[in-house]
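Subject: Structure handover

Hello,

My notes on it follow below.

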Amino acid sequence: MKKLALLLLVVLLGLLPLFVGKYTLYMTIHIMLLSLFSLGFNLLLGYTGLLSFGQAGFFAVGAYACAKILLAAPSLLLGILGGVAVAGVISLLLGLLSIRHTRIYFSMLTLCFGMMIFSLAWKWRDMTGGDDGLVGIPRAPLEVPGLFRINMTPMENYYYVVLVFTILAVYLFYRIVHSPLGLTLQGIRDSETRAACVGISVRNYRLISFTIAGLYAGLAGALLPPLESTVTPPVAHWSHSAEPVLATLLGGIYTFAGPIVGAALFYILKDIIVRFTEYWLICLGVIVLVLVMGFRGGVVSMFYGKGGQR
Amino acid sequence: MKPIIRTEDLGKYFGEMAAVHAVNLNVQQGLFTSVIGPNGAGKTTLINLLSGYLLPDTGRIFFRDTEITRWEPHRRVKIGISRSFQVMNIFPRMTVFQNILLAVLSRLNKNSNPFSSLKSQKAAVEEAEKILNEVWLWKEKDHPASQISHGDQRLLELGIAVATDPQLCFLDEPSSGMNPIERIKVLELVKKLAAERKTTFVIVEHDMDVVFSLSDRIVVMNRGKILAEGKPDEIRGNQEVRDIYLGEEI
């Protein structure tokens, strides 16, 4: 039943470009990016018990790195994978410093590191273009020399690239959280001392979790510049870090699909609310507030009943 | 017989207060050892020091011939030291089965495997199921650990502690908060596990009947120091020990 629904969803997403216009495709791409961003964030929050306020920093590293690569060498695959790799390295390094602390101290540290990356994007004009950002980033063709070359100019084609990356990343994420590694992270979330006393090196596993979260943020970020053809400092801003927090709270932190459902809701609600008022964040805030106070498990857990982790 | 764990001049001080002071402890392998003493005697602090949960201010700790004084807890688990906690410490959001499985996976060094499913970890699953039976929790296996009864949670904690297959296992008041029937059940289980698994247990316990019927050796602590140690009969006859327990019949 669950598998059938999933298959249906994938088919639907696969056929989407046949039925809808550019705007809906553009929105769907953004939903997929926020889904990846939020999934990574939730590996930290829902599975490891660490609330990061700095994930936009890694998103930005992925985005800027991808943009720089595309500006220098127009190959989509190179740009995306390069962006992910750089984000992974940076999150590993900052993770080493951040995971020494937990709870509010961890949150504040990640907020600081995120804003440091924002300052770099803002001030390091030679590298990042400062407040103008990087512009004119080509949506380079998807190409493996000697094998194939697909033109990315039509939005539909890029949509499929994002869809494939998203499906792969979501599948991988599913494997991770249902593996011994996933169980270990949940153990650390539930009781750090107990986990240490069954022989788990809490710090190492937190670092692994932090790095994976950074890789997912980096992937979401790296998929952005080819879509928008610009990258500007606000992608690194702390208010951007709040998006996966809101999406995850909307969808539910203790469910696998929560961040994905939340990401979709986030954009759908935003799209509806901005038709009536530019203060859409206030309305969204109220909705999240009601959800958090009324249904602590988020939207997804309403369908599963209490306490079920899927 | 060789000691499985021993300390030299071990001390831990919280400000002016000596929680543990100049303790030279020798725990013999295979002897069921109990640590007793009035409240605030330093029993839990001692266990925290031995399991790595706290670091000592003075002295040294040896596990067999290896000095482990400043080792982190997870490293101590890997060489065969395990523990349970005085205040319930389980993984509440996970199922009972997952609680045990996690400890078994840790022992088999499979924690970092990121892609295989839990079911495919056949060796670990089998062992976890065996332990679930050993601690009488088979029926509760798929319940979230937070939702089983208090007594069962204590059994679960014991299960987690032995799932790392320790040579030495500290139990800090394994029967606290239980009714007398559950209490006997748990302590019988500990005894059974000690016999079957060849694990050396060191327990902190308040119920004197239990302590004297179960232990091969008793260590009495008072105000951070070891007041007396010996066989149950020797302790029973010790005047100083009687004095700190206010002349109670022990």
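**Sheets and strands of chain B**

In chain B, strand β10 (residues 217-222) runs antiparallel to β11(B), and the two pair over five bridges. Strands here are DSSP E runs of at least two residues and helices are H or I runs of at least four, numbered from the N terminus; two strands pair if DSSP finds at least two bridges between them. I218(B) has G230(B) in β11(B) as its bridge partner.

Before the rest, the conventions. This is a predicted model, in which local features need pLDDT of at least 70 and side-chain atom pairs count only at pLDDT 80 or more, while totals for chains, interfaces and linings use all residues. Residues are numbered from 1 along each chain as its sequence is written, and chains are lettered from A and ligands numbered from 1 in the order in which they are written.

β10(B) and β11(B) belong to an open sheet of six strands with mixed pairing, in the order β7-β8-β9-β4-β10-β11 (chain B). The edges are β7 (81-83) and β11 (225-230) of chain B; each has a single partner strand, so one side of each is left without a neighbour in the sheet. On average, neighbouring strands of this sheet are turned by 20 degrees against each other, direction ignored. Axes are lines fitted to C-alpha atoms, for helices over the stretch in contact, and angles run from 0 to 180 degrees between N-to-C directions.

Helix α1 (residues 43-51) of chain B packs on this sheet and touches β4 (33-36), β7, β8 (168-172), β9 (200-204) and β10 of chain B. Contact means that the C-beta atoms of two residues, placed from the backbone, lie within 7 Å. The direction of α1(B) makes about 150 degrees with that of β8(B).

Strand β1 (residues 3-14) of chain B has antiparallel pairings as follows:

- with β3 (residues 26-28) of chain B over three bridges, where P3(B) stands opposite Q28(B);
- with β5 (residues 58-63) of chain B over five bridges, where E8(B) has R60(B) as bridge partner;
- with β2 (residues 17-23) of chain B over four bridges, where L10(B) has V23(B) as bridge partner.

β1(B) and β2(B) form a hairpin with two residues between them, and G15(B) in the turn has a positive phi of about 65 degrees.

**Helix α6 of chain B**

The buried residues of α6(B) are R183(B), V186(B), L187(B), L189(B), V190(B), L193(B) and A194(B). They cover an arc of only 150 degrees around the axis, which puts them on the same side of α6(B); the arc is that of the directions from the helix axis to the C-beta atoms. A residue is buried if 20 or more other C-beta atoms lie within 10 Å of its own, exposed if 12 or fewer, and partly exposed in between. Among what covers the buried residues are α5 (150-163), β8, β9 and α7 (208-214) of chain B. The face turned away from the buried side carries the exposed residues P180(B), I181(B), E188(B), K192(B), A195(B) and E196(B).

**Chain A**

Contacts between the chains involve 22 residues of chain A and 34 residues of chain B. On the side of chain A that touches chain B, α8(A) gives the most, with seven residues.

I137(A) lies in the loop between β1 (134-135) and β2 (142-144) of chain A. I137(A) is buried, with 24 other C-beta atoms within 10 Å. I137(A) and L70(A) are 67 residues apart in sequence and 6.5 Å apart in space, C-alpha to C-alpha.

Regards
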